[in-house]
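Trainee: I would like to learn how to read a structural model with care, one feature at a time. Could you take me through this one?

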Amino acid sequence: MTTIGRQLALKASIERWPIDGTFTISRGSKREAIVVVVEVSADGIVGRGECMPYARYGETPEATLSELCNLGSVVDARRALASLGSQSGRNALDCALWDWQAKHTGIAPHILATRPAPKPILTCYTLSLDTPEAMATKAASAGNLPLLKLKLGGADDAARMRAVRASRPDARLIADANEGWHPSELAELLAVAAEAGFELIEQPLPADADEALGSLHHPVPVCADESAHSADQVGALARRYDAVNIKLDKTGGLTPALAMVQVARTAGLRIMIGCMVATSLSMAPALVLASDADWVDLDGPLLLAKDRPGGLIIRDGWISPATPQLWG
């Protein structure tokens, strides 16, 4: 995103979106998605962006909101974005600026970004961390969804993987340990994942203790998530990981995410486009990146009790391109 060339008024607010039930990962559970929404406006045109500040990265909705509101307006996009300490806050502002520019110029974001035109894309559907039996039941009930992602990170992870595979022999499966495995159990659990036909394991080890991945055979590709935030980290990641999960809330927006995709491909890493649990407004900018990703995990709206009006259309796991009324 470049210099705007005019002053844009800025507003930001916190929104709370109930989750359908409870969403549980290795670090805890939550029942609502607390997002920050940014609006920039000028010439009767409003651009919007959304982020989900994440405690794992030292962020809170309140602090992110305060930073954004203190800006008041935006004239130089680079300077405004650089002034923010919150990566998620940068994401919301960056995406709002992309939205405003697309609406102002009448040029779709994928064209502005010199990316392929969006097309319907298959997303993962995430199964919250639970007992093996409960996760197998949930997997069976999601029989119309062909690509499932299991949240792992507990003592029964081998049983979870086997149980879900038994309940859904037809499904493509991915697992995300959210830093919940120990190096001593890594080889055994990767072997179980291979036995059960998993395509990918996300972030098995803590980000500050993932050195073991560099010297261990990967019978299933391993994907960096919490270890991967920016393009300048990709060189080191390629020595330990086979893939990288690129999330706009981690990179600080669509602009740096585009750069990270290019660097990851050059480094030979496969790519997942991921998300936090949030509304369709968070997912829409990420779809600009999704057309040639190896895996897409933009199921945030499916995990909510309800999405925002005019949200993405998702049927049987397939996401249709965003409408300009939502974003872009």
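The dialogue below goes through helices, cores, cysteines, strands and single residues.

Mentor: Before we start, please keep in mind that this is a predicted model, in which local features need pLDDT of at least 70 and side-chain atom pairs count only at pLDDT 80 or more, while totals for chains, interfaces and linings use all residues. Residues are numbered from 1 along each chain as its sequence is written, and side-chain values use heavy atoms, with hydrogens and water left out.

Trainee: Which residues of helix H1 are buried?

Mentor: Two terms come first: helices (H or I, at least four residues) and strands (E, at least two) are DSSP runs numbered from the N terminus, and buried means under 20% relative accessible area, exposed over 50% and partly exposed in between, with a 1.4 Å probe and protein chains only. In H1, which spans residues 61-71, the buried residues are Pro61, Thr64, Leu65 and Leu68. They lie on the same side of H1, because they cover an arc of only 100 degrees around the axis, the arc being that of the directions from the helix axis to the C-beta atoms.

Trainee: What do the buried residues of H1 pack against?

Mentor: Contact here means heavy atoms within 4.5 Å, and the packing partners are strand S1 (8-25), strand S2 (28-42), strand S3 (45-51) and helix H3 (87-105). Glu62 also has its place in H1, but this residue is partly exposed, with a relative accessible area of 45%; not counting residues up to four places away in sequence, Glu62 touches Ile14 and Arg16. After the helix comes Gly72, whose phi is positive, near 75 degrees.

Trainee: How should I read a nonpolar core, and which residues touch the most other members of the largest one?

Mentor: In soluble globular proteins, nonpolar side chains tend to be buried together. A nonpolar core is a set of buried Ala, Val, Leu, Ile, Met, Phe, Trp, Tyr and Cys residues joined through side-chain atoms within 4.5 Å. The largest has 81 residues, of which Leu148, Trp181, Val244, Leu254, Leu298 and Trp327 touch the most other members. Helix H11 (residues 280-290) gives the most to this core, with 8 residues. Apart from it lies another core, of 21 residues, among them Val38, Val40, Ala80 and Leu97.

Trainee: How many disulfides are there?

Mentor: A disulfide is a covalent bond between the sulfur atoms of two cysteines. The rule applied here asks for a pair of cysteine sulfur atoms within 2.5 Å, and by this rule the count comes to 0 disulfides. For Cys51, the closest cysteine sulfur is that of Cys95, at 9.3 Å, which is too far for a bond; for Cys275, the closest is in Cys124, at 9.2 Å, again too far for a bond. Cys51 counts as buried at 0% relative accessibility, and Cys275 is buried too, with a relative accessible area of 13%.

Trainee: How do I read strand pairing, and where does S9 sit?

Mentor: Two strands pair if DSSP finds at least two bridges between them. Strand S9 (residues 198-202) is largely enclosed by the rest of the structure, because 4 of its 5 residues are buried. Strand S8 (residues 172-176) runs parallel to S9 and is joined to S9 by 4 bridges, with Ala175 standing opposite Ile201. From S8 the chain crosses through helix H7 (residues 183-195) to S9, and this β-α-β crossover is right-handed, meaning that, with the strands pointing away from the viewer, the path from the first strand over the helix to the second runs clockwise. S9 also pairs with strand S10 (residues 222-224) in the parallel sense, over 2 bridges, where the bridge partner of Ile201 is Val222.

Trainee: Is Asp210 buried or exposed?

Mentor: Asp210, found in the loop between S9 and S10, is buried, with a relative accessible area of 2%. With residues up to four places away in sequence not counted, Asp210 touches Leu205, Ser227, Arg240 and Tyr241.
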